[in-house]
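Let's go through this model by question and answer, starting with its surface.

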Amino acid sequence: MSKHLMEKLGNLVGNKYSRWVTLIVWILIVGILSMSFPQINSVDNYSGSDLPEDVMSEQANAIIEEQFPSDSGLPLLIVWYKEAGLGIEDIQGIQKLYKELANNPLEGQTTLPPFGDLPPEALFASVSENGSSIVTPVFFEETLDAEVVKENFAKIKEITEEAIGENPYDTNLEDDVLHARFSGPAGISVDATDLFMQADVKLLIATVILILVLLIVIYRSPILAITPIIVVGIAYGAISPLLGWFAENGWINKDAQAASIMTVLLFGAGTDYCLFLITRYRDKLLEVENKYLALSLAMKESGGAILMSALTVFIGLATLGLADFGAFERFAVPFSFAIFIMGIAALTVLPAILALMGRAAFFPFVPRTEEMQRKRAEKKNKPYKEPKPKHPIMSKIGTFVTNKPWLVIIVTLVVLSGLALTSTQIKYNYDLLSSFPEDMPSREGFDIIAENFTPGELAPVKILVDTKGEEINLTSQIESLSYIDLVNEPVTSEKDSNIQYYEADLNVNPYSNEAMDLIPTLKEDMKTMLTDAGVENADESYWIGGETSSQVDKKTVQERDESIIQPVMVVIIALLLLVYLRSIAATIYLVGTVLISFFAALGLGWLVLTNFFGAESIASALPLYSFVFLIALGEDYNIFMISEVWNNRKTQSIKEAVKNGVTQTGSVITSAGLILAGTFAVLATLPIQLLVQFGVITALGVLIDTFIVRPLLVPAITVVLGRYAFWPGKLFKKED
């Protein structure tokens with residue numbers, strides 16, 4: 001009889017001689033790649049726009065850059081604040097700083113306002129109406145390295161301390177002293193870089209410790225606990241320099257968030273794949289004395305499910321490449337490529353390591369065959385003890401589910417549907433700063449501006465008009481709009497006299513959802529104004545830019561991406577399941593259960609985030625991020641469990657096949673689910689709200705899959721459908 005493909009692979013990479021070759025080849029590959037290419041985290045982070053060029057806000061930015069060029073550069077906004085009111089001595093201290101910067105420019109410093117040469121009274125004119133705040137800019141080269149900008153911040157702190165006799169940057173805002181904070185694009189950029197640098201180290205350490213602890217608690221074997229981490233570490237040793245090479249050559253754009261989440265995904269999913277094989281290997285060691293034969297049999301029975309699981313996640317995450325939104329698209333290659341390499345490592349490196357260690361991998365609870373145990377007991381002059389029944393808890397669950405499937409289906413669907421309905425109440429935000437901790441300097445500076453200046457000054461709406469030769473000035477008409485607070489007189493382009501540029505302040509927070517709702521109204525009002533002014537094709541003669549318009553375009557683009565990626569991913573995964581299981585019925589209910597699980601996770605995540613984390617809204621990117629992870633990873637567990645049911649059905653009744661499938665896979669999937677959920681939950685310890693929210697929702701989704709969908713709902717549906725669960729495959733024709 002011809003051997004199974006996975007059995008052949010097990011023999012190829014994990015026999016008495018090839019086990020060493022496999023490990024040496026992998027170590028050589030990792031070494032060569034690490035010496036040849038940069039690690040992904042050492043590559044500069046992408047700093048461009050996430051929006052496609054054809055959306056209105058990006059078109060407006062392009063016109064401003066072309067028609068109203070400025071060599072000012074990257075702005076740093078220094079936000080100065082004193083609750084009791086800024087005094088003349090505070091203004092003079094600020095002027096001393098600017099005099100020093102003018103006389104001794106910092107590296108990469110470009111434009112500098114002449115604040116040092118103005119009378120103090122002139123600078124006072126820029127102080128907020130309540131007298132407590134002023135914002136002063138410093139401009140740097142756009143291409144300046146983030147580390148250099150950070151060094152410049154340190155020098156500004158030193159100069160400021162010399163000028164005013166104290167350090168206003170590291171103060172507590174509740175104290176009645178002069179405060180200063182770095183904000184604006186330069187400040188946000190440095191804070192974001194620092195956050196992700198801290199996140200990467202914390203994430204890696206916390207993830208490794210968590211996995212070690214969980215594995216030791218679950219399996220009580222220190223060697224076994226280290227084994228998956230070694231396999232994942234070897235895989236990461238190849239993945240990181242290869243991704244660095246891709247980024248260095250411009251094939252992908254490095255994204256710090258993607259790199260952070262990739263680490264979690266790699267350790268979580270990679271450990272899961274390792275556990276699937278390790279558990280099956282241990283079972284075979286109880287039946288077969290030869291460790292190499294046990295390994296090849298374990299590969300035969302679990303390798304296909306591991307390969308299918310990895311393929312499902314790989315293709316599912318790769319669908320992010322269909323996105324127009326840059327942050328989504330930049331996640332596609334790191335995530336899918338990491339899973340691709342991890343899948344290969346789980347099916348090659350791990351068998352080689354297990355072949356080297358054999359039964360010693362499970363010390364001190366070494367698995368032995370009955371004959372080996374009898375001989376060991378005889379040698380020690382002790383009576384032979386019958387082994388305890390395997391997986392007693394999961395066996396009881398399997399029995400309950402198969403005896404009362406309708407009760408299980410009704411109860412689980414009621415719970416999941418209730419949570420899914422809660423997801424319709426979620427509120428979303430679209431601005432970057434909402435992801436920052438409240439005590440980050442750039443966010444504190446932003447909040448000071450928001451509290452002490454009129455709302456619209458935070459981020460004016462940029463309006464560009466093509467007059468088509470008409471003599472018009474729309475200042476008064478724009479200012480008369482009920483939602484506009486202030487409008488500057490138009491600036492006419494020197495390159496094209498038909499192009500006018502207006503800046504308008506909204507009378508609400510320009511980063512709020514309320515402000516976003518005003519942009520469509522502004523577009524209609526601009527069209528009406530231009531039509532009344534006699535401008536032809538009025539709907540093509542204006543552009544709305546600025547932060548609020550960008551957020552509106554962000555929402556539109558993200559919704560477009562969701563409408564394409566989500567159904568495409570579902571269809572692809574359904575096709576993979578259909579090919580693997582040869583069952584249309586099973587494909588439908590397996591996909592359906594992970595879909596309801598996803599919406600339930602969103603709803604439960606919203607309840608947890610609002611009640612325990614104080615969130616008022618969540619990042620708009622989270623539904624799609626969570627979707628691709630939870631659908632792909634949730635199907636992972638279904639595949640592993642249902643594969644066992646399909647295999648059992650060849651020789652067992654449907655109820656027996658389902659019960660034994662739940663029993664045989666329950667412990668390993670529960671362990672894998674706890675580890676995967678735990679690794680995602682580690683994200684909740686980070687200071688970045690986007691990652692906190694993503695970690696919470698994804699961890700809860702994995703737990704729902706692990707404890708509700710996989711052991712209860714899917715088996716119950718399979719029992720109720722009976723042989724129709726296998727329709728139209730071969731097993732459909734088999735009678736009980």
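Q: Which helix supplies the largest share of the nonpolar patch?
A: This is a predicted model, where local features need pLDDT of at least 70, side-chain atom pairs count only at pLDDT 80 or more, and totals for chains, interfaces and linings use all residues. Residues are numbered from 1 along each chain as its sequence is written, and side-chain values use heavy atoms, with hydrogens and water left out. Two helices, α18 (547-581) and α19 (584-612), each give at least two residues to the patch (helices are DSSP runs of H or I with at least four residues, strands are runs of E with at least two, numbered from the N terminus). The largest share is three residues, and it comes from α18.

Q: What is the area of the nonpolar surface patch?
A: A patch takes residues with over 30% relative accessible area and no salt bridge, joining nonpolar side chains (Val, Leu, Ile, Met, Phe, Trp, Tyr) within 5 Å and like charges within 9 Å. A salt bridge here is a side-chain nitrogen of Lys or Arg within 4 Å of a carboxyl oxygen of Asp or Glu, and the areas are Shrake-Rupley values with a 1.4 Å probe, counting only the protein chains shown as cover for residues. Val571, Leu575, Leu578, Ile584, Ile588, Leu721, Tyr724 and Trp727 make up this one, at about 740 Å².

Q: Is Trp727 buried or partly exposed?
A: Trp727 sits in the segment after α22 (689-721). Buried means under 20% relative accessible area, exposed over 50%, and partly exposed in between (1.4 Å probe, protein chains only). With a relative accessible area of 38%, Trp727 is therefore partly exposed.

Q: What is omega for the peptide bond joining Trp727 and Pro728?
A: Most peptide bonds are trans. The one between Trp727 and Pro728 is cis, and Pro728 lies in the segment after α22. Its omega is about 0°.

Q: What is the relative accessibility of Asp145?
A: Asp145 belongs to a negative surface patch with Asp44, Glu107, Glu141, Glu147 and Glu151. For charges, Asp and Glu count as negative and Lys and Arg as positive, with His and the chain ends not counted; each charge is placed at NZ of Lys, CZ of Arg, CG of Asp or CD of Glu. Asp145 is in the loop between β2 (133-140) and α6 (146-164), and it counts as partly exposed because its relative accessibility is 34%.

Q: Which residue's backbone oxygen does the side chain of Thr263 reach?
A: Thr263 lies in helix α9 (residues 256-285) and is buried, with a relative accessible area of 7%. From Thr263 to Leu203 is 7.8 Å, C-alpha to C-alpha, though they're 60 residues apart in sequence. At 3.1 Å, the side chain of Thr263 reaches the backbone oxygen of Ala259.

Q: What is the phi of Lys468?
A: Most residues other than glycine have a negative phi. Lys468, in the loop between β5 (461-466) and α16 (475-479), isn't a glycine, yet its phi is positive, at about 55°.

Terms used
A polar contact is a pair of N or O atoms within 3.5 Å; within protein, one must be able to donate a hydrogen and the other to accept it, and residues adjacent in sequence count only if both atoms are side-chain atoms.
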